[in-house]
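Here is a friendly walk through one protein model. Have a look at it first, and then we will go through some of its features together.

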Amino acid sequence: MFKTKDLLGIKDLTADEINHILDTASGFKDVLARDIKKVPALRGKTVVNLFFEPSTRTRTSFELAAKRLSTDVVNFSVTTSSITKGETLRDTALSIQALGADFVVVRHGTAGVPHFLSGVLKASVINAGDGTNEHPTQALLDFFTIRSHKGKIEGLNVVIVGDIAHSRVAKSNIYGLIKLGANVRLICPPTLMPAEINKRNVEVFNSIEQGIKDADVVMALRIQMERQGKGFFPSLEEYFDLYGLTGERLRLAKDDAIVMHPGPINRGVEIASDVADGRQSVVLEQVTNGLAVRMAVLYLLSGVKE
Amino acid sequence: MPGKEILNSKEIERALTRIAHEIIERNKGTETLCLIGIQRGGVYLAGRLASCIQSIEGAHIDTGILDITFYRDDLYSKKDQPVVRTTDIPFSVTGKTVVIVDDVLFTGRSIRAAMDALIDFGRPAAIQLAVLIDRGHRELPIRADYVGKNIPTHFSDMVEVFLKEEGKEDKVVLISEQ
């Protein structure tokens, strides 16, 4: 199945590989429902979380996933590290490897950092978000959540609404959803649509009312506050008026459509509060599934022979 | 590769019937008894043993399914990626006499993994082991309490158990390399 020691992006995976990860994650989801939520599968291995960007949920999720597999986990965050003393990325990574890390989970503001580290390190590198490029484990947990509600992904109308251009979550989802046979629709203001979007594989809408029609899955993306006032859209209020996921707009989707969000949520910006908490919302389930999916990724990568 | 049939359908049935009687006799009934089959062959055999025991004793017996993938010790030495299957133990094993059921007993490593997994579900009063075939070559101090048939093998031989639940005809085949 897996041919490489690393998980750098969904772009590099086949549909079969994605499905194998999801099937393995189902097994781990069962483990997480038990009294003893821990298995000895990766006993003696070491996972280092190397985060150059602030993150609570992804880092915590990786940490807990690693602990549930009986590994030892070390968190290495930039503010407390020698990076602030001028150490290069390569030297930091090599010294982490010299400590005996088997996995390096890396998040960095620059796209391609995990790819660079994968060539430098013998350890397995897992991309936990690199710039605006990819966030593969978030997409995998999204696929897992969709599959557990809809039974399949092929043929579903999956709508992604929000800041597509700056979203690594959207990129990873688009790569994977197309491979898995979903009809992908992107909704956002023209200013937030990436230039490189291939319109042969996805449908692009500038109106949420048009794009959301008959959707099986509606995924809202976080509008990063720092984008405000940079010419992408006039104000957060206007964004909500035109693109916010409200109950009224959600009624245009299928009745059993699920509402997803990678978190953290800005209530009243990209999603209305009552929708985020509503009966169709699976936001918290996504968080739980993230644990199972990350366990599956760590577990499967450790079985890879180079 | 030509294989030698070592058990046919009738012989498998007789072996399981005998094991069912032995389990009842050894445990003086079925009161605190439950069966847990190891994925995959053991699951079908546990099901057959359960219905056999039920027809002899007229009492229901809890039956569970155990996947031991996460407890294996050979993740780093196997050629293929592990495939995770269902675990389903819909009852408490604490205080029970659990009979682990597997098709072939070989090195004993699967049973070691199964016992570790089982103990994460609770504290059984006792764990026993029933296997259809014991082919020797143990690498751990483990032995079966109930054995369908002992067969001498070379380490490199393969023992294949075919069961009708998988759409095959019931039989056990010994495949030798030369």
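Is K28(B) exposed or buried? With a relative accessibility of 77%, K28(B) counts as exposed. Keep in mind that this is a predicted model.

K28(B) sits in the loop that runs between helix 1 (9-26) and strand 2 of chain B. Its phi is near 50°, a positive value in a residue other than glycine. D214(A) belongs to the loop between helix 7 (208-211) and strand 8 (217-220) of chain A, and it is partly exposed, with a relative accessible area of 43%.

The table shows where they are.

| Cis peptide bond | Omega | Loop that holds the second residue |
|---|---|---|
| G263(A) and P264(A) | about -10° | between strand 9 (258-260) and helix 10 (273-276) of chain A |
| Q39(B) and R40(B) | about -5° | between strand 2 (33-38) and helix 2 (41-57) of chain B |

**One side of a helix**

Now turn to helix 3 (residues 89-98) of chain A, where L89(A), T92(A), A93(A), I96(A) and Q97(A) are buried. These residues lie on the same side of helix 3 of chain A, because they cover an arc of only 135° around the axis. An α-helix has 3.6 residues a turn, so residues three or four places apart point the same way. Among the elements that cover the buried residues of helix 3 are strand 1 (46-51), strand 2 (72-77), strand 3 (103-108) and helix 4 (113-120) of chain A. Just after helix 3 of chain A comes G100(A), with a positive phi of about 100°.

In soluble globular proteins, nonpolar side chains tend to be buried together. Here the largest nonpolar core has 113 residues, and F143(A) and I160(A) touch the most other members. Helix 11 (residues 283-302) of chain A supplies the largest share of this core, 10 residues. Another core, of 31 residues, lies apart from it and includes L7(B), I23(B), A50(B) and Y146(B).

**Where the chains meet**

How many residues does each chain bring to the contact? Chain A brings 22 residues and chain B brings 14 residues. About 1,700 Å² is buried between chain A and chain B, and carbon and sulfur atoms give 57% of that area. Zero salt bridges are counted between the two chains, while two residue pairs are in polar contact across the interface. On the side of chain A that touches chain B, helix 1 (15-32) and helix 11 of chain A each give two or more residues. Helix 1 of chain A gives the most, with six residues.

Terms used:
Residues are numbered from 1 along each chain as its sequence is written. Chains are lettered from A and ligands numbered from 1 in the order in which they are written. This is a predicted model: local features need pLDDT of at least 70, side-chain atom pairs count only at pLDDT 80 or more; totals for chains, interfaces and linings use all residues. Side-chain values use heavy atoms; hydrogens and water are left out. Buried means under 20% relative accessible area, exposed over 50%, partly exposed in between (1.4 Å probe, protein chains only). Helices (H or I, at least four residues) and strands (E, at least two) are DSSP runs, numbered from the N terminus. The arc is that of the directions from the helix axis to the C-beta atoms. Contact means heavy atoms within 4.5 Å. A nonpolar core is a set of buried Ala, Val, Leu, Ile, Met, Phe, Trp, Tyr and Cys residues joined through side-chain atoms within 4.5 Å. Buried area is the accessible area (1.4 Å probe) that two parts lose on being put together, summed over both. A salt bridge is a side-chain nitrogen of Lys or Arg within 4 Å of a carboxyl oxygen of Asp or Glu. A polar contact is a pair of N or O atoms within 3.5 Å; within protein, one must be able to donate a hydrogen and the other to accept it, and residues adjacent in sequence count only if both atoms are side-chain atoms.
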